[in-house]
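Here is a friendly tour of a structure for anyone who likes to know how each number was defined. Have the viewer open, and follow along from the contact between the chains to the spaces and loops.

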Amino acid sequence: MSKLDKAALGEPDSTAPSVPDDVFLSVRDLRIHFDTDDGLVKSVDGVSFDVRKGKTLGIVGESGSGKSVTSLGVMGLHRSARAKVSGEVWLDGQELIGADPDVVRRLRGRKMAMIFQDPLSAMHPYYSVGHQIVEAYRVHHDVSKKAAKQRAIEMLDRVGIPEPAKRVDGYPHEFSGGMRQRAMIAMSLVNNPELLIADEPTTALDVTVQAQILDLIRDLQKEFGSAVIMITHDLGVVAEMADDLLVMYGGRCVERGPAEDVFSEPRHPYTWGLLGSMPRLDREETDRLIPIKGAPPSLINLPSGCAFHPRCPYADIPKDNVTRTVRPELTEVGGSHWAACHMTQEQRERIWTEEIAPKL
Amino acid sequence: MSDDKTVSTPDTSGSTLTQGTTSDGEVLLKVTGLQKHFPIRKGLLQRQTGAVRAVDGIDFEVRKGETLGVVGESGCGKSTMGRLITRLLEPTGGQVEFEGQDITHLKTGELRPMRRDVQMIFQDPYSSLNPRHTIGTIVGAPFRLQGVNPEGGVKKEVQRLLSVVGLNPEHYNRYPHEFSGGQRQRIGIARALALNPKLVVADEPVSALDVSIQAQVVNLLDDLQEELGLTYVIIAHDLSVVRHVSDRIAVMYLGKIVELADRDKLYKSPMHPYSKALLSAVPIPDPKRRGVKSERILLKGDVPSPIAPPSGCRFHTRCWKATEICKTTEPPLKELRAGQQVACHHPENFEDQQPQDTKLLSSAKEIVSEPVEK
């Protein structure tokens, strides 16, 4: 971990929103860079957000936009030798980036827990599912194996695994995809974490199972009042789960705000692009999708100015070539709704209502 | 892709004749009672102890110029079906007819002429391209294998193909690792188009791609179909993508087709309970609909094992409408409405096929009419 930049919590930089009291997790100007042979990879480059208890933050973006790296950064799962992490992560009043790794380790799994995308590779194939849940529990609780196993059975039951007393001795390969994901949710919830980070929790699953799992996460959140970060590339999943939304592109946040606002009045061309790329079941059939041209950028040589400009159809609207030279900062475009774009509010509003929205 | 002239008039067994279809409804591929059982062998003597019934008796046909979408959960046999109709696998039973010729049990050599007409696009653009070959070699391979000498030489033709799929022809000498996922998928498409095929079977062509790239590839497939008059069978699990690309859609469950219908009919009023559950499970990208969602059907549990599929209707273990008859009698795939074939005793949006049998087997239905408190 790099040195802690002890900026006072009350004085966030201009791009960061002010921190209200009920914020459980507050990330300030998080930067995670990796030094590689090809150059410095700026996976996350100045991301700030807050999550409140009982609320869900959705992080969307394409592969390589830095969404998973952000979540691993919050969990303190980057090796200090490889990654350069800076910025601040405040969890329940405690700063984590500059904290002793041992302190973070004690919080990890207990106060904050994670659900990974692929449960088959996230679980150890050699140990039974029950063994792994027991281990996760006993790390943080001084209880007997027997009591811990009882707790594991209870959790498996809670996440809807049939015959939990029998399945607890089963191995990951004996579980189906959906069951494995349930077992992993049981494992991450065994210590009643107050922050749950779900990294593409349903991407590997069928829609019917996805619906079950999302429902389960929602129920458990209601029951335990945890804060949830949901990382996904599926806007449908986010729309269903998230209270707030963070759209990432090239390691930075391009738009952030309450989910309803971001969906009904998106204010960044990239968000428009995402919405236009997606065939939707709730709309009449359209003839053509409106894709974003080009491909996601390399994080080593991020385009100058606005990272999205090579793919943005509106890059020439702002004057003086500013999109290619100056990086746009997040500006507030409505009640706690922020976007980073050089176009003026009016221009964006006009383009959205006249050109984009009717085609969606 | 949006011609809706394709209306079938199949008889009850599902093995269809194409009277009543318009001239462009000529049957290109016809599948009857197709089966593929993978044997499970055990013990010293490798005696067969069972079989995975991946595809277990399906009938359908694909007409010229149309796109047939195939959806279903993982393990329902949709990929195996794709490999059977391209004859990458040999069927255990049933018949596959391509342009009237029975290709079910042809040998490798005999298949070669047909390979020109039937091509496949694979799911994973990373493993379906040989990392040690250049793009030129990969896309040019079909010409070499078929002994075809295109006008102007192979290189020129390959470069033309690359530009058709939206790649730079100058990338002829590059290797697959130099390309992004979306570009690789385009290379796969270029290779599939090399010999001017009649039928292209695409197995999850866009599921490994990012949303923005996915839209590019979907549009590309769309354009190519229009320009080259291709016929597609597109296998996918994403119901919104399938709706976008298909004219007709087959819904598979445990090796069987449970519903085969025109796109709009299926999405507006699905008749098989499974189709309905599947459609209701798709998350809608609109947070405002969260509170007002009509109903979502949550299926309990997982798909049963294809080694020992449930008796009768295979869906009865998870179906909320299942009655005694569902346990004992397998419902045939019947055309209940024009352009909509369904295999169900108690279809949705239609009169009950077995009204006398009302004793419900299960209480599997769990409707979430959720106003999520915020």
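## Where the chains meet

Let us begin with the interface: 45 residues of chain B are in contact with 50 residues of chain A, contact meaning heavy atoms within 4.5 Å. Before going on, please keep in mind that this is a predicted model, in which local features need pLDDT of at least 70, side-chain atom pairs count only at pLDDT 80 or more, and totals for chains, interfaces and linings use all residues. Residues are numbered from 1 along each chain as its sequence is written, chains are lettered from A and ligands numbered from 1 in the order in which they are written, and side-chain values use heavy atoms, with hydrogens and water left out.

The size of an interface is often given as the accessible area lost when the parts come together. Chain B and chain A bury about 4300 Å² between them, and 53% of that is on carbon and sulfur atoms; buried area is the accessible area (1.4 Å probe) that two parts lose on being put together, summed over both. On the chain B side, Val211(B), Arg243(B) and Pro285(B) lose the most area to chain A, together 15% of what that side buries.

How many salt bridges join chain B and chain A? The count is one salt bridge, where the term stands for a side-chain nitrogen of Lys or Arg within 4 Å of a carboxyl oxygen of Asp or Glu. Its partners are Arg288(A) and Asp223(B), at 2.6 Å from N to O.

The elements of chain B that give two or more residues to the side touching chain A are α6 (211-228), α7 (239-245), α8 (263-268), α9 (273-280) and α10 (289-292). Helices (H or I, at least four residues) and strands (E, at least two) are DSSP runs, numbered from the N terminus. The largest share of this side, nine residues, comes from α6(B). By class, the side has 19 nonpolar, eight polar and 18 charged residues. Here Ala, Val, Leu, Ile, Met, Phe, Trp, Tyr, Cys and Pro count as nonpolar, Asp, Glu, Lys and Arg as charged, and the others, Gly among them, as polar.

## The largest pocket

The largest pocket has a volume of about 1100 Å³. Of its 44 lining residues, Thr203(A), His233(A), Ser207(B), His237(B) and Asp238(B) are the closest to its centre. On a 1 Å grid over the protein atoms alone, a pocket is an open set of points with protein on both sides within 12 Å along at least five of seven lines, a cavity is a set where a 1.4 Å probe fits but cannot get out, and lining residues have an atom within 4 Å of a point. Grid points are joined across faces, edges and corners, and a volume is the space filled by probe spheres set on the points.

Both chains supply the lining: α8 (207-224) and α9 (235-241) of chain A, with α1 (78-85), α6 and α7 of chain B, each give at least two residues. The lining has 19 nonpolar, 16 polar and nine charged residues.

Over all chains, the structure holds 34 salt bridges. One pairs Arg327(A) with Asp45(A), with the closest N and O atoms 3.5 Å apart. Arg327(A) lies in the loop between α12 and β11 (331-334) of chain A and Asp45(A) in strand β2 (residues 39-52), so the pair ties together parts 282 residues apart in sequence.
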